[in-house]
Amino acid sequence: IGILGASTYGIHLIFLGWIFLKAKPRIIDIFTIAFAFWGTYLIIPEFSLKNNITLGLAISIVSGLFFAMLPILHQKSQFISGTQRALGQYIFAIPLFLFFIPQYDFNLNNADWYSLLYLGICGTFMAHTLWINVTTKLNTTVTSLIFYIIIPITMTVSYFWLGEEMKFNKILGALM
């Protein structure tokens, strides 16, 4: 549900690109946005923030909005090197994460430490740096399409690794 809500990134990015980059959406863009909204509607069990699915979806939609702001910022600040922009993100994030250090559980087995090391290097350092460069150079429509590759990957991992149930509405909503 989290990744499906975050996938509204592309919808937000089209509108933000229109507002800030003067990249007017085409009719097909508007049609696909309506189709995506319908897909999101299909995965909501009820319009109430009292159930975890709708609440999680709402939080991840807001996350998608904030994530969609980044390509706009990167394109507007091309005069700053990609390395400096990446470093700025890390400098902002590290104190934020350190604030919660008393709540961390450091009693992890070796496999967990290796997983965290992999996520830190590949999933954060390399991926964020690459994403900064991609979203700076490519237009917002292309970067929003690239982002959608994450949906089938996440749903496949969720099904096989986490044992999550994939109901028809969730699969149809994700496809849309």
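Helices (DSSP runs of H or I, at least four residues) and strands (runs of E, at least two) are numbered from the N terminus. The model is predicted: local features need pLDDT of at least 70, side-chain atom pairs count only at pLDDT 80 or more, and totals for chains, interfaces and linings use all residues. Residues are numbered from 1 along each chain as its sequence is written, and side-chain values use heavy atoms, with hydrogens and water left out.

The protein chain has nine helices and zero strands. Its pattern along the sequence is α-α-α-α-α-α-α-α-α. The C-alpha atoms fill a box of roughly 50 × 45 × 25 Å, taken along the principal axes. Of the 176 residues in the chain, 31% are buried. Buried means under 20% relative accessible area, exposed means over 50%, and partly exposed lies in between (1.4 Å probe, protein chains only). A contact requires heavy atoms within 4.5 Å. Among contacts between residues at least 6 apart in sequence, 68% join residues at least 24 apart.

A nonpolar core is a set of buried Ala, Val, Leu, Ile, Met, Phe, Trp, Tyr and Cys residues joined through side-chain atoms within 4.5 Å. The largest such core holds 17 residues, and Leu4, Tyr9 and Met155 touch the most other members. Helix H1 (2-6), helix H2 (9-20), helix H4 (52-76) and helix H8 (150-160) each give two or more residues to this core. In soluble globular proteins, nonpolar side chains tend to be buried together. Residues up to four places away in sequence aside, Tyr9 touches Gly64, Phe67, Ala68, Pro71, Trp131, Thr135, Thr143, Ser144 and Phe147.

Thr8 sits in the loop between H1 and H2. Thr8 is buried, with a relative accessible area of 6%. The side chain of Thr8 reaches the backbone oxygen of Gly5 at 2.6 Å. Beyond its neighbours within four places in sequence, Thr8 contacts Thr40, Ile61 and Gly64.

Trp161 lies in the loop between H8 and helix H9 (168-175). The relative accessible area of Trp161 is 70%, so this residue counts as exposed. Trp161 and Phe97 are 64 residues apart along the chain, and their C-alpha atoms are separated by 27 Å.

Pockets were located on a 1 Å grid over the protein atoms alone. A pocket is an open set of points with protein on both sides within 12 Å along at least five of seven lines, and lining residues have an atom within 4 Å of a point. The largest pocket has a volume of about 600 Å³, volume being the space filled by probe spheres set on the points. Its lining comprises 29 residues, with Ala36, Tyr148, Ala174, Leu175 and Met176 nearest the centre. H2, helix H3 (27-43), helix H7 (140-147), H8 and H9 each supply at least two lining residues. H3 gives the most, with ten. By class, this lining has 18 nonpolar, nine polar and two charged residues. Here Ala, Val, Leu, Ile, Met, Phe, Trp, Tyr, Cys and Pro count as nonpolar, Asp, Glu, Lys and Arg as charged, and the others, Gly among them, as polar.

The second largest pocket has a volume of about 510 Å³. It is lined by 14 residues, of which Tyr90, Ala93, Phe97, Thr124 and His128 lie nearest its centre. Helix H5 (82-99) and helix H6 (110-137) are the elements that give two or more residues to this lining. H5 provides the largest share, eight residues. The lining of the second largest pocket divides into nine nonpolar, five polar and no charged residues.

Terms used. Polar contact = N/O pair within 3.5 Å; in protein donor to acceptor, adjacent residues only side chain to side chain. 1 Å grid on protein atoms, 1.4 Å probe; cavity = no way out; pocket = protein on both sides within 12 Å on 5 of 7 lines; lining within 4 Å.
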